[in-house]
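I opened this model to look up how its chains touch and pair. My notes follow.

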Amino acid sequence: MTRHEPRLDTSPRVSDEVRRTTCYMCACRCGINVHLKSGKVSYIEGNRDHPVNKGVLCAKGSSGIMQVTAPSRLRKPLRRVGPRGSGAFEEISWDEALGIATRWLAPLRATAPEKFAFFTGRDQSQSFTSFWAQAFGTPNYAAHGGFCSVNMAAAGIYTMGGAFWEFGQPDWDRTRLFVLFGVAEDHDSNPIKMGIGKIKARGGRVIGVNPIRTGYNAVADDWIGITPGTDGLLILALIHELLKAGKVDVDYLARWTNAACLIDETEGEEKGLLLRDDLGKPLVIDRRTGDAVPYDTAGVRPDLAATHRGCRTVFQHMAERYLGPDYAPEAVAARCGVSATRIRALAAEIADVAFNQTIAIEQPWTDFRGETHERMLGRPVSFHAMRGISAHSNGFQTARALHVLQILLGTVEVPGGFRFKPPYPKPAHAHPTPHSYFMPGRPLDGPHLGFPQGPEHLALKLDDLSPARIDRGFTWENPLSAHGLMHMVIPNAVAGDPYRIDTLMLYMANMSWNSSMNTGQVMEMLTRKDGNGDYMIPRIIYSDAYASEMVAYADLVLPDTTYLERHDCISLLDRPICEADHAADAIRWPVVEPDRDVRGFQSVLVDLGGRLGLPGFVTDDGRPKYRDYADYIVNHQRRPGVGPLFGFRGHGKEVGRGAPNPNQINAYIANGGFYAAEVPEGAKFFKPWNRAYQDWAVSMGFYDTPQPYLFQIYCEPMRRFQLAAEGFHERQPPDFLRERIKATMDPLPIWYEPFGEAAGEAFPLHALTQRPMAMYHSWGSQNAWLRQIHGVNPLYVPTKVWQAQGFRDGDWARLSSQNGAIVVPVAHMAALNEDTVWTWNAIGKRKGAWALSPDAPEATKGFLLNHLISELLPERGDGHRWSNSDPVTGQAAWFDLRVRIEKVPPPDEAQPAYPPIPSPVPPAKGNRP
Amino acid sequence: MTALPPPSDKKLGLVIDLDTCVGCHACVTACKGWNDQGYGAPLSDQDAWGAEPSGTFLNRVHSYEVTPEAGPAQIVHFPKSCLHCENAPCVTVCPTGASYKRAEDGIVLVNESACIGCGLCAWACPYGARELDQAAGVMKKCTLCVDRIYNENLPEIDRTPACVRTCPAGARHFGDLGDPESAVSLLVAERGGIELMPEQGTKPVNRYLPPRRKDRLEETAPLAPLLDIQASGFAGWLDRLLDRI
Amino acid sequence: MHPAPSVILFTVFSGLGFGLLAVLGSGLMPVTGWAALVAYGAGYGLAVAGLLASTFHLGNPQRALRAFSQWRTSWLSREAWASVAALALMAPVAASAAFRGVLMPALGIAAAVLCLLTVLTTSMIYAQLRTVPRWNHWTTPALFFGHAVAGGALLAGLGNAPVLLLLLGLFMALAFRVGDGRFAERGHTLATATGLGPGTVRQFAPPHTGTNYLMREMIHVVGRKHALKLRVIAVLFGAILPALVLLALPSGLVATLLAAALHLTGALAGRWLFFAEAEHVVGLYYGLR
């Protein structure tokens, strides 16, 4: 018989038009091609030219079409008309909304600017929002880093001038062994997937250290299912093994780190600080002469073994500590849940790749001391870490330990190792220090957030040395809280500790649900009233694009646009989109116009800034300075010639520095929504010490003079806080914190038991959460495609516990902690640390939120672990509120959680169940927007 | 036309690397997005924001747990879509001729305008590659993006299935498995690519690259100490270490 | 497999209808006049009702005529042809018997053969599926034949109907027994489905937390819980009880109707089980069968 195939058009027209912008389905900021048919979004794919994703796109990015059309989108400004939390609102005009905001805020600015607190969640415009808050004059500003991962960022910056994720990446093209630590594999997700793919394609090896074997750990060639909270101990055991075998890069340590610096050992106020010359430069002993000379002396050969007037080098202090028996593999094995054999084998494999498989790039370069090196020698082992290792009360020290491990191996900023992404590296001392000095009607005295070098930089009020910030950031409780402590704002404001506030403005932060520890109590706090019947937090302004759980707790709701309807800039002044070989920034622009009465929040702030007369937002004669955020992006100058966007400045050709260019946004649009400047060949590695890189960085406007520096194996600022606790500083910590500061602010990495372990035997299991790769926090559930992939979240239970409890598929369990109990569905997982349970984060939704029907599985079976976690540690009866945070940075210790599990009969729905909140948007009509 | 064509020289298909797939579902929604607006009827969803959301997907990523005799358990992410079988049972069962295998390149397609939605082809497929769209009442399946791979309106580099173009880890490869010298065939040969359920006799074109052998760390010999620190003391250790500079 | 009412009704009624027509056409039960009108009417009614029921199963029934096009390869298409041919060829036989009182033995036998062919093609729609090992066996056509012939004989009031019914009961028991081992016999496992191992392989998480067409259509775990009970009902009601009724009661309309009602109940239960018990290999991928 003859076959007749149907005629098929294999070359259909793809779309009417492609508009290129930046994704915002998560924090990855990939370039996207948005296809339009008849003016509507028809398809979204990755932009091949984009430095971040090079054409690929994740599940969230490709589902963006269902986000920009989701029924959950807010439609008009809302004013609360019923009790807070009741969800009773009336729609109002923008004029009215902005009028209300101005009437609330103007008197505060004139009388008590600290009574206004402004915190942002998934904000990608922090350089702008912080600038606005600074102009307002409140000390109370931060983004969400404090409950996310400040340990990771701060430990990296204090140790080596940059961390993982947005700050740096493995040399994916050259590394042969990649060791990935930590649960919750979200940040920088597409670049990491692409990188792992490259390693795999080359036949390189991937080792995962993670209690849970999902995602990247599922493809890891070796999986080390470590006990949560013990990563630091494992790392220090690896250091022990490497030191013992002499497998450390002594040349690298001598040249590029403070290992050869001398530690003052004389008793007194200088003890433990580095010996310095009169200009304040740390001294090293030159092996050629035996003289003590500044570390940057031309031709110096720093001596790691030197002793000078009884003072020994950092290296000797460090080696002596880690060679000690406490760090031997046998000593840590049981605690880490990893056998000594495996620890030894891991150390051996790392050493083998680092020292026996060295690679080189034939590229001469000159260091900051003036010495020229003929080639770039590389050690192709690289490390990376996810939030898991940092979300513990020992997370800062753990992250520092990992950085020190990389440094000892000489694998940072070398071919095959870990590489910084411009504008990093940038050491802690080149960052601002925190500022918190406020006066009525005046801007703050400087940027809110920064990196303290000692107690003198704490954010304490000048008169009574009480905390200046509502979140108690940069206080003795958490001196290096470089990202603030967003999770403490509501509890502190309600407790009036350190003081009460009047208006809280939040942006894209779902604090009444998945973004708070202790969700139920936070909802209660938001509605708690004082003796006069007034809310403890009198006014709450909230901006979000979607009907999140937080909307119901706002008094004034400013509806934001979706990411395809707005201007944005992902700026080098903030967390840009750079890759190791490129400095790059990007924009978003309205590729479609909103079909609702909504405005981009940044444009609203520009408007409010004009109404409030904030410096920087009004002209000399008091008129609004910028039309909207786009106008600000183009015309704002942070320093002369340096603005939010670094490409196409001046007449369109200038890069980094140059006058504002009125056509800059159009130039970005024409270029695909981004600008990338390649790091020059000779500047691609050894960046902290490489003259070519330093000069290029200055030309790009990252800083104004070259900033070469040494890696800080020994972290001197931490020692300054210890000294204060020992009594040597004019600012003294309260007595109840002295011992903790002495113990935890150790200038060399240490490991101590996470505070959560105090829960004891009654709570034998660890409980963790992580985000699925196809969901971003709470956002995914409103997306008709993504919620089909992850519509419920079981509690995964390891085999040992599964069998002991006699669980079967379909069973439910009560999970209890010191803070409460939840009842949830369970599922079995063998590829899991035997003392750990876990679930996907933020799948559980409150009934009525996100325009889902109240019987949606997210609201009936989905659950949050947050209910089990408190922002405060259990009362100790000493009259103090001890926060459940890292004592160094204040990072929320989410993963310290200890729990107990027991089988229970299946309930009707997951517990606790909260009453539905009325939706601020109408329910979905049909199945397609 | 439900008669299968004689085996074509060109056998277009996918090679999926199970050693590299991190289970991110990027291919799932890229496929959904492209095919929602491309070949045939949109991929509908039912109860999209309700209690039982369920839609048509042409590609889904399963997750399996493998517990070996010794060593820790492993998780394997397993994307699955139409395998474009040479001996495609879904084609021959079709009563209307809607289901067909292209003689030119072996792609198995559904001519939706001829599909009565009887579902028999889905029953005949061992792999779960066909889903009857509940809104359109026609059978949907992976087209290998036949409207992309030859599409002259797309730049040459983009003439590849949407799932392959988007895969962040590079775990999906597209090519001619009929050509033993093609990149995909070489990959299959090198990595021992396998067929799924060979006992069904469907002769799938798509191949899966199995996960490499895992958890071999303990085979590494430990490091030898530089010297006996107990005997030589810290100073001796330091001397020995720094001798090398 | 999902026991969809439309397919159950389709196969049971069309099988019974074509079985009855085959018995009538073959001349084993020569009827004329009113009796022929009622008997052939019942046969046509059942067959056509069954065929109509099958269209409820279609996503686009308006295109059903296209199903005639692929008779060379498709059993479903062949069934369409066979059923139409059988009904068409039987029409003059039926009309002649009913209205002229004249039998047409030669044409009748040819039409009867076509009726049985139709039942064969129906059964082959299922029996051909290698994806459903329980069905993919000669017992499937045997079972369908058995139902058609015994049911037809019962309805036609054929004297040896009890024997045929008891034979059907044996077939059913055999089909259950053979069917239970089919999946394992074929060697399909999650390991062959995925190529994973060595070691034990199990589903860790489904691809989507929600359900989908495949799971609704191919995976029917719930019904099998009551399999044994339903098997007893199927054999008892479908075969043994109607045979006993026919043997115990004096032959006549009452006995036939009672036996037919029992048989239909059993046949429907059996056919429900035929689907509900059938495990599709795709279930392996979902950790369910």
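**Where chain B meets chain A**

I looked up the contact between two chains: 74 residues of chain B are in contact with 83 residues of chain A. Contact here means C-beta atoms, placed from the backbone, within 7 Å. Helix 1 (26–36) of chain B gives the largest share of the side that touches chain A, 7 residues. Helix 7 (229–242) and strand 4 (60–67) of chain B are among the elements that each supply at least two residues. Helices (H or I, at least four residues) and strands (E, at least two) are DSSP runs, numbered from the N terminus. By class, I noted 39 nonpolar, 20 polar and 15 charged residues on this side of chain B. Asp, Glu, Lys and Arg count as charged; Ala, Val, Leu, Ile, Met, Phe, Trp, Tyr, Cys and Pro as nonpolar; the others, Gly among them, as polar.

**How I read the model**

This is a predicted model: local features need pLDDT of at least 70, side-chain atom pairs count only at pLDDT 80 or more, and totals for chains, interfaces and linings use all residues. Residues are numbered from 1 along each chain as its sequence is written, while chains are lettered from A and ligands numbered from 1 in the order in which they are written.

**A sheet across chains**

Next I traced an open sheet of 3 strands, with the order 5(B)-4(B)-1(C) and antiparallel pairing. Strands pair if DSSP finds at least two bridges between them. Strand 5 of chain B and strand 1 (200–205) of chain C are the edge strands. I counted 5 bridges between strand 4 of chain B and strand 1 of chain C. In that strand of chain C, C:V201 is the bridge partner of B:V66.
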